[in-house]
Amino acid sequence: MAEFTASVYQNEFLPDGGTDVNAIVTVTCAGAGTAGRSGSGDAGEIIIVDTSGSMGPATMAAAKDAAQAAVAEIVDGTWFAVIAGADRAMLAFPQVSSGPGMVRMDASSRQAATDAISRFVGSGGTAISTWLDLAGQLFASVPEATQRHVLLLTDGENRERPGRLDEAINRATGYFQADCRGAGTDWQVAEIRRIAQALLGTVDIIPRPDQMKAQFEEIMRNAMSRGVADASLRVWTPQGAEVLFVRQVSPTVEDLTSRRTPVNPLTGDYPTGAWSDESRDYHVAVRVPAKAIGQEQLAARVQLAIGNDIVTQGLVKATWSNNSELTTRIDQQVAHYTGQTELAQMIQEGLAAKASGDEATATTKLGRAVQLAAETGNDEATSKLRKVVDVDNEETGTVRLKRAVDKADEMALDTASTKTTRIRKETP
Amino acid sequence: MTCPSCGTAVAEGARFCEACGASLGTTPAAPAAPAAPVGEVDHPLGDAPISAPTRKPASALPDPPASAGRRPCTECGGEVGPDLYCLSCGTKAPSERDHFEEHPATWVAGVCDKAIGKTRNEDAMALLAGETPGSRAVLVVLDGVSNSIDSDVASLAGARAAREVLRVPLPAGMGTPQGRDAAAAKVFANAAAAANTAIIAVTDPDSPNPASATFTTAVLEGTRISWANIGDSRTYWIPDAGVPVQLSVDDSVAQAQIASGVPREVAENGPQAHAITKWLGRDSEDFVPTVGSMEVSEPGWLLACSDGLWNYASTPEAIAAQVRAAGSAEPLAVATALVAFANGAGGHDNITAALARVDLGRPDLGQNDQTPTPGGEPSDG
C-alpha cells in the first residue's frame with residue numbers, strides 16, 4: 001500500500017497588513033507498487049508511433065525497434081494497443097474491427113504486437129488529433145482499464161486546421177496521461193509540449209535514432225512503476241482568501257492554477273495523475289485578509305487526495321508579526337523555485353523571440369536565464385544555455401546569441417526548460 | 001495511548017495532548033471515592049498531606065463532564081478540524097490548556113483562558129457541583145507564577161488535587177460555630193497541602209526555579225460560603241442587589257500596604273503590586289491558607305478568580321458592575337463575559353472566572369445535603 005507524506009517549507013510570518021503567503025509543499029510517495037496492481041483498476045498502455053511519410057528509413061527502423069522495446073517492458077496482464085499515426089490513426093494491434101480495442105499483455109500478444117510493429121511503413125501526413133481520439137476510443141472500449149497512459153512519438157509538425165488538435169487535447173484531458181517524444185528536429189516543441197502538459201506527461205527531444213530505444217524503455221518502465229493510478233492535489237483556503245497560483249515546481253514546472261475542479265466553496269482539486277515512488281514539490285500562493293499582529297491562522301491545507309481519501313496533508317500558516325527580522329526573511333525553497341519558474345519562462349520566451357527574429361529580446365531573456373540558472377544551481381540548464389548563447393558574464397546575465405546553433409541543441413534547451421533542480425540541502 | 005491528532009504519546013487519562021493541544025475527549029476516571037473508614041477510630045486526619053476520607057462516598061461530588069468534542073471556532077463559530085484550525089476561516093483554535101471551561105452543573109461554571117497578551121495559560125481551575133441548584137459547589141482557582149518553570153502543569157495538578165480533598169462536604173465540627181470553623185479550616189489546610197504536594201510532584205527536582213502558584217477556593221453549601229486563600233487570587237460575594245464584598249484577603253505586598261493605610265489604588269498600581277508573600281510550591285515556607293466563612297441571605301453570585309480578571313476591576317463594586325453588566329443568570333455566560341471583559345481591557349495576564357449562582361430558592365436542599373454522615377467526622381475541632 002502506497003504511503004504518502006507531505007512537508008511544508010515557508011516563512012509563515014507576515015508583516016502588519018501583509019496578505020500573501022507562499023509555501024513549497026513536498027509530497028512524497030513510497031511503496032507505490034506496480035501499475036494496475038493496486039486494486040483500484042487495471043492499467044492500460046497505448047503506444048503511438050508516427051508512421052507518416054516524413055519518417056526516414058533510419059528513424060523508422062529505430063522507431064520500430066524502440067516501440068518493440070517498449071512493448072517488452074509492459075507488465076503481463078496490462079491492457080495494451082499500438083497505434084500507427086499518419087494523416088489518420090490506424091489500430092496496428094490488436095487487429096480487431098469490433099469489440100474491445102485492447103488486449104491483455106501475455107507472451108503471445110507481445111509476440112503478435114512485435115510482429116505488427118515490424119510491418120510499419122511510412123506514408124501520408126501528420127494529424128495528431130486523430131491519434132489522440134483513437135487512443136481515447138480504445139481506452140473507452142475497456143472500462144476496467146482505469147489507469148490510462150499513452151507513449152507518443154512524432155517526427156513532424158502537425159498538419160491540421162488550427163484548433164483541431166486543441167479540441168482533441170481537451171477531449172483527452174483528465175482521461176488519459178501522455179508522455180511525448182519528438183524525433184529529429186522537424187517537430188514543434190510548443191505544440192507537443194501543449195499535449196504533454198495537458199495530459200500530465202513529459203516532453204523531450206530524441207535527436208538521434210540510436211537514442212530512441214533507451215528512451216522508450218525508460219518511459220515504459222516509469223509508467224509501469226506508477227502503482228497509484230490517479231491522485232489530486234486538494235487545496236483548502238479559508239473564507240475570504242484567494243488562491244493566487246498552484247504550481248508543480250519539481251521535477252518540472254507545471255502551472256496547475258487554471259485546472260482547479262471545485263470540491264466545495266473553499267476547496268479545489270488540481271490533477272496530479274499517477275504516482276510512482278517519487279517526490280514532487282508544489283508552490284502554493286494564497287492571499288488572505290490581513291489580521292492583527294500576533295494572530296495566527298491557517299492559510300491553506302494542502303492535501304493529496306485519492307478519490308475522496310485524504311492520504312496526506314501539509315498546513316500552510318500565516319502569523320502576523322511586527323518583528324521585521326522574521327517577516328522579511330524569504331524561505332529558501334520558495335526563493336529557489338520562484339527563480340526556477342522564472343528560468344523556464346525566460347528560456348521559452350527567449351527562444352520564441354529568437355525564432356521570430358527579435359534578437360534584442362532574445363538576448364535579454366536568455367541572459368536573464370543564464371543568470372537564474374547560475375543562481376539556482378541548475379547545471380543542466382546552464383550547459384544547455386551555453387550551446388545557444390556565448391556568456392560574457394554569468395552574474396550579470398550578459399550574453400551574445402551564437403551565430404551558428406545546432407537546431408537540436410535549441411530544441412533540447414526548450415524541452416528541458418521546465419525541468420527544475422532541487423535545492424541543495426544544507427547540512428546542519 | 002497516543003494523541004489521535006498528532007500521534008504523540010500521552011499519559012493515560014489525559015484530557016488534552018501536551019504536544020498539539022488536541023482534546024482527547026476522555027474523562028479521567030473519577031478516582032475511586034475514598035473508602036469510608038468504617039470502624040477505624042483513630043484515622044489520621046492530623047497531618048496527612050492529602051485528603052483523608054471523611055465522608056461516605058455517596059456524598060462525594062462527581063467531576064464535571066468533559067466537554068464533548070471540539071468547541072466551535074472562537075472567531076466565526078465554524079467547525080474546528082482535527083488539525084485544530086477552523087474549517088471555515090482557518091483561525092487557530094486555542095488548545096484545551098489555553099482555554100477550557102468547566103460546567104459541572106447548570107448553576108456552576110468557569111472559564112480559564114490564556115488571555116490575548118500571554119503565550120501560555122498558567123492559570124488553572126477545578127470545579128465541582130451538586131446537580132440541585134444551591135446544594136453544594138466547590139470552586140478552586142490557582143494562578144501559576146509566570147517566572148517559574150512548568151507552572152502551567154503544576155497549577156492544574158494542584159487545582160485538581162485540592163478538588164479531591166473538597167469532593168466531600170465540609171465537616172460540621174462538634175456543633176459549635178467555632179468548632180465548625182476550625183474543622184473547615186483543617187480541611188482547607190489539607191486541600192492546600194494536597195495542592196502543594198501535587199505541585200511539588202510535577203516539579204523537576206533539579207529545577208532552579210521551581211513551579212509555584214497561588215491558591216484560592218470557595219465552597220458553597222446551602223446558604224453558607226467558606227473560603228480559603230494563599231496569594232492574590234480572589235473570592236467575591238456579589239449579591240444581586242446588596243453590597244458586594246471581597247471575601248479573601250491577598251497575601252501580597254499591595255495588601256500589606258493597604259493594611260498599613262496606603263490607598264488601594266496606589267498600592268495595587270505600585271511597582272511591587274503583584275509581588276505575593278505566600279504561595280504554593282517547593283520553595284513555599286507557609287502554605288496554611290487564611291480562611292473565612294459567611295451566611296448568605298439574598299440571591300447573588302459566588303466568584304473565584306485570578307488577578308487576570310480583577311486587575312481590571314479590583315474593588316468589589318467594580319467587579320460586581322461587570323458581573324451585573326453580563327445580565328445573565330447562566331454562570332457560563334457570565335464567566336465568558338468576564339473573560340471577554342478582561343481580554344478587552346488588555347488581557348495582560350491569564351484570566352480565570354468561576355461562578356456559582358445562588359438563588360436561595362430551596363434552601364432546605366442545601367441544608368440536607370451538608371448534613372454530616374456519621375463515621376467520618378474530623379476528630380479535632
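Helix H5 of chain A is followed by Leu200(A), whose phi is positive, near 55 degrees. Helices here are DSSP runs of H or I with at least four residues, strands are runs of E with at least two, and both are numbered from the N terminus. The model is predicted, and local features need pLDDT of at least 70, side-chain atom pairs count only at pLDDT 80 or more, and totals for chains, interfaces and linings use all residues. Residues are numbered from 1 along each chain as its sequence is written, while chains are lettered from A and ligands numbered from 1 in the order in which they are written.

H5(A) spans residues 189-198, and its buried residues are Val189(A), Ile192(A), Arg193(A), Ile195(A), Ala196(A) and Gln197(A). Buried means that 20 or more other C-beta atoms lie within 10 Å of the residue's own; exposed means 12 or fewer, partly exposed in between, with C-beta atoms placed from the backbone. The elements that these buried residues pack against include strand S8 (145-154), helix H4 (164-172) and helix H11 (407-415) of chain A.

Another helix of chain A, H8 (residues 332-355), has 24 residues and reaches 35 Å from its first C-alpha to its last, close to the 34 Å expected at 1.5 Å a residue. The expected span is 1.5 Å times one less than the number of residues. After H8(A) comes Gly357(A), with a positive phi near 85 degrees.

Strands pair if DSSP finds at least two bridges between them.

| Strand pair | Bridges | Residues standing opposite |
|---|---|---|
| S5(A) and S6(A) | four bridges | Gly85(A) and Ala89(A) |
| S17(A) and S18(A) | ten bridges | Arg301(A) and Leu315(A) |
| S6(B) and S7(B) | seven bridges | Leu220(B) and Ile225(B) |

S5(A) and S6(A) form a hairpin with three residues between them. In S6(A) (residues 89-93), four of the five residues are buried.

S17(A) and S18(A) belong to an open sheet of six strands in chain A, ordered S2-S18-S17-S11-S15-S14, with mixed pairing. Strands S2 (13-14) and S14 (261-264) of chain A are at the edges with a single partner strand each, so one side of each is left without a neighbour in the sheet.

Chain B has eight helices and 13 strands, and 49% of its 381 residues count as buried. Its open sheet of five strands runs S3-S4-S6-S7-S11 with antiparallel pairing. The edge strands of this sheet are S3 (123-129) and S11 (290-295) of chain B, each pairing on one side only. The twist averages 10 degrees from one strand to the next. Helix H1 (residues 151-165) of chain B lies across S3, S4 and S6 of chain B, at about 20 degrees to S3(B). Helix H2 (residues 177-201) of chain B touches S4, S6, S7 and S11 of chain B, and its direction makes about 135 degrees with that of S11(B). Axes are lines fitted to C-alpha atoms, for helices over the stretch in contact, and angles run from 0 to 180 degrees between N-to-C directions.

The largest nonpolar core has 138 residues, and Ile48(A), Ala63(A) and Val316(A) are among those with the most contacts inside it. Such a core is a set of buried Ala, Val, Leu, Ile, Met, Phe, Trp, Tyr and Cys residues joined through C-beta atoms within 7 Å. Apart from it lies another core of 86 residues, including Leu156(B) and Ile199(B).

Seven residues from chain A and seven residues from chain B make up the contact of the chains. Residues are in contact if their C-beta atoms, placed from the backbone, lie within 7 Å. On the chain A side, strand S17 (residues 296-306) gives the largest share, four residues.

Note on methods: Two residues are in contact if their C-beta atoms, placed from the backbone, lie within 7 Å.
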